[in-house]
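This briefing covers confidence, the sheet, helix packing and backbone geometry. Please read it alongside the sequence and the model.

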Amino acid sequence: MKKRIWIAAIALVLVAVISVGAVLLTQQREGSKGILYRVTGGEGTAYLLGSIHIGTDAMYPFGDAITDAMASSDTFVFESDTSSSESVGQLTARMSLPSDVTLRSILGDDLMDETIEAYKKIGVSSGAINTQQPWVVISTLAVYSTANEMGIMDVQKAITLGVDNNVEEYATAHQKQFAYLETIDEFADSMESFSDGLTRYLIEDEINWILRRDSIAEANTLKQWPDYWHTGDAENFWVSYQQSIESADRELYGEYEDKLIAQRNVLMADRLDAMIQNGGTYFVTVGLLHLIYDGNNIPDLLREKGYTVERILD
């Protein structure tokens with residue numbers, strides 16, 4: 001089962017962005033199409049770009065459709081604020097467990113010991129792990145395993161080449177306004193709402209990949225992601241997602257999809273609606289699955305609100 005690749009691609013890489021940092025790199029290649037939508041109606045216009053939060057050189061530079069949309073936009077919108085000192089402080093605080101709770105008391109000795117072993121395997125310090133929320137552990141393991149599956153051993157480079165980072169660097173360089181679709185507390189609340197069963201399931205899945213990789217059949221779809229993004233192949237992205245959950249525990253994975261994708265999509269669509277009604281042009285970067293998920297994805301939710309939403313394919 002390969003669900004961890006979607007965890008890192010959707011949201012939890014926020015933790016790694018703060019802890020690892022990023023530096024924009026420019027690559028020479030025919031421009032990427034990405035997964036890009038135009039939203040019209042009401043008082044304004046929005047462009048929706050589906051992000052892979054970690055990436056490779058093959059995804060750059062952006063193609064003309066993306067760069068033209070960025071150039072025409074007044075405000076750049078992201079899922080959450082991971083740049084300002086205030087938001088970084090808020091997220092850092094939410095990453096910690098209450099003072100009277102330890103991660104070992106939540107996971108138990110066996111799973112805690114394996115988690116520490118997995119940290120050692122990927123070269124991450126486990127010194128503070130006993131004070132961290134379980135979702136921080138899931139995020140950390142997922143980012144490293146995903147980068148490795150994409151053929152990148154340097155996680156800092158993988159984050160540097162994430163779509164969000166490159167869009168943010170552009171917006172900063174061009175002195176654009178910033179806006180966000182959810183607060184740090186809302187994001188952390190979603191992560192902390194996972195049941196104990198789902199939390200353990202996700203951690204065990206990551207540990208199995210990192211510590212027992214030789215005994216797990218590998219899929220080749222992840223290595224194709226940069227090419228899918230380069231050519232704008234949303235169909236193969238969706239196929240790879242469906243393949244990744246074929247052997248999943250349907251009850252637990254249904255909880256995961258509801259809390260991490262479906263519920264957040266409703267919130268994001270409502271806030272985008274409010275922004276567009278205020279006028280202006282927005283360039284919105286969100287995790288790819290928020291746009292292609294088969295069930296109240298953001299484009300469909302905006303269509304239900306009366307907007308015209310169309311893929312930009314050129």
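Axes are lines fitted to C-alpha atoms, for helices over the stretch in contact, and angles run from 0 to 180 degrees between N-to-C directions. Helices (H or I, at least four residues) and strands (E, at least two) are DSSP runs, numbered from the N terminus. This is a predicted model, in which local features need pLDDT of at least 70 and side-chain atom pairs count only at pLDDT 80 or more, while totals for chains, interfaces and linings use all residues. Residues are numbered from 1 along each chain as its sequence is written, and side-chain values use heavy atoms, with hydrogens and water left out.

**Helix α6 against helix α11**

- Helix α6 (residues 109–122) packs on helix α11 (residues 196–211) with the axes 10 Å apart and an angle of about 45°.
- At that angle α6 and α11 are therefore oblique to each other; angles under 35 degrees count as roughly parallel, over 145 as roughly antiparallel, 65 to 115 as roughly perpendicular and the rest as oblique.
- The α6 and α11 crossing is left-handed, meaning that the near helix is turned anticlockwise from the far one by less than a right angle; if clockwise, a crossing is right-handed.
- On the α6 side, the contact (heavy atoms within 4.5 Å) is made by Leu-111, Glu-114, Thr-115, Glu-117, Ala-118, Lys-121 and Ile-122. From α11 come Arg-200, Ile-203, Glu-204, Ile-207, Ile-210 and Leu-211.
- The residues of this α6 and α11 contact comprise 7 nonpolar, 1 polar and 5 charged. Ala, Val, Leu, Ile, Met, Phe, Trp, Tyr, Cys and Pro count as nonpolar, Asp, Glu, Lys and Arg as charged, and the others, Gly among them, as polar.

**Helix α4 against helix α10**

- The axes of α4 (residues 85–94) and α10 (residues 184–192) come within 10 Å and cross at roughly 20°; α4 and α10 are therefore roughly parallel to each other.
- The crossing of α4 past α10 is right-handed.
- Ser-87, Gln-90, Leu-91 and Arg-94 of α4 meet Ile-184, Asp-185, Phe-187, Ala-188, Asp-189 and Glu-192 of α10.
- The α4 and α10 contact has 4 nonpolar, 2 polar and 4 charged residues.

**The sheet**

- Six strands form an open sheet of mixed pairing, in the order β4-β3-β5-β2-β1-β6; two strands pair if DSSP finds at least two bridges between them.
- β4 (177–180) and β6 (308–311) are the edge strands, each pairing on one side only.
- From one strand to the next, the twist averages 25°.
- Strands β2 (residues 44–51) and β5 (residues 280–287) run parallel and are joined by 8 bridges. Thr-45 has Thr-281 in β5 as its bridge partner.
- Helix α9 (residues 163–173) packs on the sheet, where it touches β2, β3, β4 and β5, and its direction makes about 155° with that of β3.
- Helix α3 (residues 64–72) lies across β1 (35–41), β2, β3 (75–78) and β5, and runs at about 130° to β5.

**Backbone geometry in loops**

- Tyr-60 to Pro-61 is a cis peptide bond, with omega near 0°. Pro-61 sits in the loop between β2 and α3.
- Gln-175, a residue other than glycine, has a positive phi near 55° and belongs to the loop between α9 and β4.

**Confidence**

- The protein chain averages a pLDDT (the predictor's confidence in each residue, from 0 to 100) of 86, and 88% of the residues score at least 70.
- Among the elements of the chain, β3 has the highest mean pLDDT (98) and helix α1 (residues 4–10) the lowest (46).
- Residues 1–5 have pLDDT below 50, and this stretch has 28 contacts in the model beyond near neighbours in sequence.
- Residues 16–28 stay under 50 in pLDDT, with 30 contacts in the model beyond four places in sequence.
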